[in-house]
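Work through the exercises below with the structure open. Each task is followed by a stepwise solution.

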2 protein chains.
Amino acid sequence: MDEPAIRLDGGATLVESVMATIRQRISARTLTPGAKLPSIRAFAQSMQVSKSTVVEAYERLAAEGTIRSRPGSGFYAAGQLAPLSLAEIGPRLDRAVDPLWVSRQSLEAGDDVLKPGCGWLPASWMPEAGLRRALRTVARADDVTLADYGTPLGLPPLRQLLARRMAEHGIDASPDQIMLTESGTQAIDLLCRLLLEPGDTVLVDDPCYFNFHALLRAHRAKVVSVPYTPSGPDIELFAQALTEHRPRLYITNSAIHNPTGAILSPVTAHRLLKLADQSELTIVEDDIFADFEHAPAPRLAAFDGLSRVVHIGSFSKTLSASVRCGFIAAPRDWIERLTDLKIATTFGGGRLASELVLTLLKDGSYRKHMDLLRARLSRAMHETSGRLRAIGITPWIDQPAGLFLWCSLPDGVDAADVARRALSAKIVLAPGNAFSLSQTASRFLRFNVAQSADDRIFRTLEAAMAH
Amino acid sequence: MDEPAIRLDGGATLVESVMATIRQRISARTLTPGAKLPSIRAFAQSMQVSKSTVVEAYERLAAEGTIRSRPGSGFYAAGQLAPLSLAEIGPRLDRAVDPLWVSRQSLEAGDDVLKPGCGWLPASWMPEAGLRRALRTVARADDVTLADYGTPLGLPPLRQLLARRMAEHGIDASPDQIMLTESGTQAIDLLCRLLLEPGDTVLVDDPCYFNFHALLRAHRAKVVSVPYTPSGPDIELFAQALTEHRPRLYITNSAIHNPTGAILSPVTAHRLLKLADQSELTIVEDDIFADFEHAPAPRLAAFDGLSRVVHIGSFSKTLSASVRCGFIAAPRDWIERLTDLKIATTFGGGRLASELVLTLLKDGSYRKHMDLLRARLSRAMHETSGRLRAIGITPWIDQPAGLFLWCSLPDGVDAADVARRALSAKIVLAPGNAFSLSQTASRFLRFNVAQSADDRIFRTLEAAMAH
């Protein structure tokens, strides 16, 4: 009975009408989850109400959970399930340990910025002469190579060559089980599209490559992590996670693990595959660091024969990230559906990119480049390791293969603090928690030894740690 | 009370156990939706039961809807919601009118196959000399261009140039509102990731570019279509669809519509935007055929000022499909989240591809190429149109711009039948229903005039229609 009186109260009606407008925008998703709401001043003006009306409306919407307030920043549409606010994975409110932030800092960095935290080699370490030669070769190719879409699976001779290269790692894949993609990331993305339903659980290593978190979030997957040891995932906890969470997928790097540099031991590989068999788990083996190995490590796809393990790779880390080319080797009866998904979501593949990669692989320059690169990385690994130890930063594994040193800081030093301070000195670091779902790596940093030659890095680290 | 007795019946228990095994594989998704079940013989052997037990188990699983039988082909895991069986969009059981099948036939076709049904120009119509020159130019670029990841938004000078080109169409986009992608398709895919929740409704034209159906299916969207008229979507039915289905998105081509070649009229554009405003609808304007226009048509993004219209484009149709480069121009506050999604799902962009496109756009050869191309297409349009009329096939619109002629067949002739017969004569056609959600285009075929010069096409069409 009081209702009409209250509704006639001008203030209440206006507040409610402002609230209704926002709710409508959210439900029509003009305001998508995570989107910033109009400023109080601007919205008051556009709605022709007082600022205090908007303040009250926003506060009531925040109280009911429709929107969220971020101190000093404003109000944002709340989101559930939405893949939109990738920046807000897990409990991170700190851009300094936000995985996407690390990627973007590295991708955007100007020439004056040092990037020991980034995940790739400097351009000057790549096979420049070979790339120039390959471009000139392709400039003489037929018009179809220059201008046409790729075939659905991708360039046949490159797939044949990849099959032979996989055979060297004991992986038995025929060329028609291999599909080319634009990148290793796109390969995993297509597999997620094929295999995951929203809400499915995916197992990752802790720590793991941080982009897995962002990618899985985009697929609305529930992510569960298992601690990684120097010989692979902790098998007891892995078994426990399988029982508790019934994950659909496990995504890992078995050869050279990112960020730790660890290598899966044969005994762990075997136990892992047995567990996977028992619980019908599919494994995505992301092997993009394969060619950095000094001695061949066991591959899950080799033990398993591509039955429940999917193997993926790319040339972004070893040849060029500018020429986009990755691949998937998968069980034969998945390839048709992966191809349909690739056509539906990106249409053709990059014929040019695969032609360039093929040219470099065929003429022998890739092998020579990799021999030199491994030696150069070994030296950089040795040197960086020594310089880090000298300032109290300790590698987790002694002299791993690849480009990464996963290191712990002295007691009481927080990696995110160090990363924040280093950034103001124009140095991009990769703090441990960006890689850790459980947020238990706050004392770790990942160093890319190929990006760590400059003295300034170590001086800045020392100062930032002493802060 | 009877239960134990029944369970002791050996037959029932074995059948149930076979059923349980299949159910478990489906729930663990070792058998993904759409995947073929093991053959009866093989499964009987591996389970060590009789074939009749497996037959009964499969039949009961089919009866309960867990699996599906396809006559002459076997049993398949049933799928709900899953984006996996893209081949099974809507009620199509016929690969001849399956959109992905048309794409794959075109992408896979050998040199002896004619492709009047495909969606792109022959390689020989592309700017071959310019592409070779651009490759040689890029072969001399710095090492960062050759080997590094692109910046998150993509090559700045190319974005500046795209902003200027859009301004020519009245679209006011600043370079920081433009994000480069690998293709037009990837641009739409990223927008779907940003804007759609599973189960959201998306409006498309009927007919429309068939890959929209496949792409939206991959996003688990509900697709609703509105008939397209020679001046744009039927506005009455469009308004009705908005009220009835509350779609989140509308995806269309406003300039040169695929497959009809129609052009949106200013009055329809205006009414459409008014309706979109009222129901807070977002519009994706796929403008990949922009440069084929003879006279500038209205752009929704120009009227709307990139507030609820997102504009996308690419160079696959005009320059090279081998060099992958597309773009999105979007409201400013979406770009950050689109960039996060791009990094999460493909990491970097193709620096090389965008550098090649920039080189071709800058040196003036692109403009010259397009002038010649438009003239050449006009001639081919005139010629193909005449030859089709001569055999009783009638263009829906007289002499449209672009590469497509949307044509109706004589009364009583079914386009899918014609397409099937043509395929056995090594000619890939594009039957109307591949473009039509409502399956009301069974009398239509889309012809690509640039791929329709060969006499054999018209002879085969005549024979196939007379069948």
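**Exercise 1.** Determine the handedness of the crossing of H8(A) and H15(A), and class its angle.

*Solution.* 
1. This is a predicted model. Find helix H8 (residues 156-168) and helix H15 (residues 351-362), both of chain A.
2. Their axes come within 10 Å and cross at roughly 50°.
3. Angles from 65 to 115 degrees count as roughly perpendicular and those under 35 as roughly parallel. H8(A) and H15(A) are therefore oblique to each other.
4. The crossing is left-handed.

**Exercise 2.** Which strands stand at the edges of the open sheet in chain B?

*Solution.* 
1. Write down the order of the eight strands: S3-S10-S9-S8-S7-S4-S5-S6 (chain B). The pairing is mixed.
2. Strand S3 (178-181) and strand S6 (232-233) of chain B each have a single partner strand, so one side of each lacks a neighbour in the sheet. These two are the edges.
3. Take one pair inside this order. S7 (residues 249-252) and S8 (residues 282-286) of chain B run in the parallel sense, joined over four bridges.
4. Ile251(B) has Val284(B) in S8(B) as its bridge partner.

**Exercise 3.** How are chain A and chain B related?

*Solution.* 
1. Turn chain B by 180°, with a shift of 0.0 Å along the axis. It lies on chain A with an RMSD of 0.1 Å.
2. The two copies are thus related as by a two-fold rotation axis.
3. Check the contact surface: 99% of the contact residues of chain B recur in chain A, so the same surface serves both copies.

Terms used: Residues are numbered from 1 along each chain as its sequence is written. Chains are lettered from A and ligands numbered from 1 in the order in which they are written. This is a predicted model: local features need pLDDT of at least 70, side-chain atom pairs count only at pLDDT 80 or more; totals for chains, interfaces and linings use all residues. Side-chain values use heavy atoms; hydrogens and water are left out. Copies are superposed by least squares on the C-alpha atoms of residues with pLDDT of at least 70 in both. Contact means heavy atoms within 4.5 Å. Two strands pair if DSSP finds at least two bridges between them. Axes are lines fitted to C-alpha atoms, for helices over the stretch in contact, and angles run from 0 to 180 degrees between N-to-C directions. Angles under 35 degrees count as roughly parallel, over 145 as roughly antiparallel, 65 to 115 as roughly perpendicular and the rest as oblique. A crossing is left-handed if the near helix is turned anticlockwise from the far one by less than a right angle, and right-handed if clockwise.
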